[in-house]
Amino acid sequence: MISLRKDLTRNKWLYLMMLPVLVYYIAFHYAPMYGAIIAFKQFVPAKGIWGSEWVGFKHFESFFSSIYFFRVIKNTVLLSLTNLVFGFPAPIILALLLNELKSSLFRRITQTITYMPHFITLVVVAGIIRYFTLSDGLINDVIAFFGGERAAFLQQPESFRPIYVISEIWQQVGWGTIIYLAAIAGIDQQQYEAAKIDGATKLGQIWHITLPGILPTVMIMLILALGNLMNVGFEKIILLYSASIYETADVISTFVYRKGILEFNYGYSTAVGLFNSLINFGILLAANYLSKKVSQNSLW
């Protein structure tokens with residue numbers, strides 16, 4: 001107790017700086033967990049949470065037996081895995097390429113260009129995607145120029161995943177390189193000098209020095225990405241999808257939106273969201289455990 005008091009006194013300004021963040025997480029992340037009780041109730045806003053009737057696991061059972069269960073699970077997993085497989089390595093590769101550039105001016109210009117899409121609001125991004133993928137849009141103009149047939153891509157279920165993943169990579173790849181470039185900058189430069197003396201090529205230096213040097217950062221970012229595996233970009237999908245592509249575009253988050261906001265079935269949508277959160281939590285624990293066993297790197 002005495003040591004805690006001394007620590008608080010010694011670092012009072014650091015704790016004061018941390019206070020707003022702590023208040024934010026308590027108010028907007030932990031306090032709302034109280035509302036998860038709705039998943040076990042037939043919630044009626046007029047009656048309130050405690051006044052509404054308990055229904056136990058009725059909403060969970062309804063979701064598991066629903067005709068939409070396998071569709072939303074499959075779409076969520078496939079879209080997340082596709083985005084992870086192609087999107088996760090992209091900033092790592094870009095960071096490695098940027099690190100090898102000799103011209104600092106060209107590197108800064110490239111970084112600025114790749115960072116910019118991250119700051120474009122999703123509404124504008126969705127508008128760009130919709131405009132480019134129209135049957136008379138830019139992409140179809142290029143296809144028609146080379147003799148192909150025009151198509152309304154956002155009306156085709158099979159086109160949605162490639163459009164979503166490519167647009168995600170375009171929007172996030174530059175921003176994602178920041179943390180990897182910082183990790184590369186922290187590698188001891190003497191290792192590269194020693195490798196050059198030993199006759200190592202650029203590729204050899206990347207493989208034996210750079211990649212092992214940033215491996216802890218890569219593993220932490222991978223664990224965090226896997227922990228959000230079931231949380232697909234809800235806002236972008238809502239802005240892009242329509243009933244004609246529900247077959248591939250309807251994911252858990254959009255399903256929760258339709259049931260909770262559009263159909264006012266609050267208890268059912270809360271149950272689906274809680275199920276999704278539990279799956280994410282389980283994946284996070286498993287990913288952290290496997291990472292610790294394989295690479296000795298983990299969140300805890």
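The second largest pocket is lined by 26 residues, and Asn83, Phe88, Glu168, Gln172 and Ala225 lie nearest its centre. The model is predicted: local features need pLDDT of at least 70, side-chain atom pairs count only at pLDDT 80 or more, and totals for chains, interfaces and linings use all residues. Residues are numbered from 1 along each chain as its sequence is written, and side-chain values use heavy atoms, with hydrogens and water left out.

**Second largest pocket**
- A pocket is an open set of points on a 1 Å grid over the protein atoms alone where a 1.4 Å probe fits, with protein on both sides within 12 Å along at least five of seven lines; lining residues have an atom within 4 Å of a point.
- This pocket holds about 770 Å³ of space, a volume being the space filled by probe spheres set on points joined across faces, edges and corners.
- Two or more lining residues come from each of helix 5 (69–87), helix 6 (89–100), helix 10 (157–185) and helix 12; helices are DSSP runs (H or I, at least four residues) numbered from the N terminus.
- Helix 10 gives the most, with nine residues.
- The lining has 16 nonpolar, nine polar and one charged residues; Ala, Val, Leu, Ile, Met, Phe, Trp, Tyr, Cys and Pro count as nonpolar, Asp, Glu, Lys and Arg as charged, and the others, Gly among them, as polar.

**Largest pocket**
- The largest pocket has 28 lining residues, with Asn231, Gly273, Asn276, Ser277 and Asn280 nearest its centre.
- Helix 2 (12–30), helix 12 (202–227), helix 13 (234–240), helix 15 (252–262) and helix 16 (266–295) each give two or more residues to this lining.
- Helix 16 supplies the largest share, ten residues.
- About 1,000 Å³ of space lies in the largest pocket.
- Its lining divides into 15 nonpolar, twelve polar and one charged residues.
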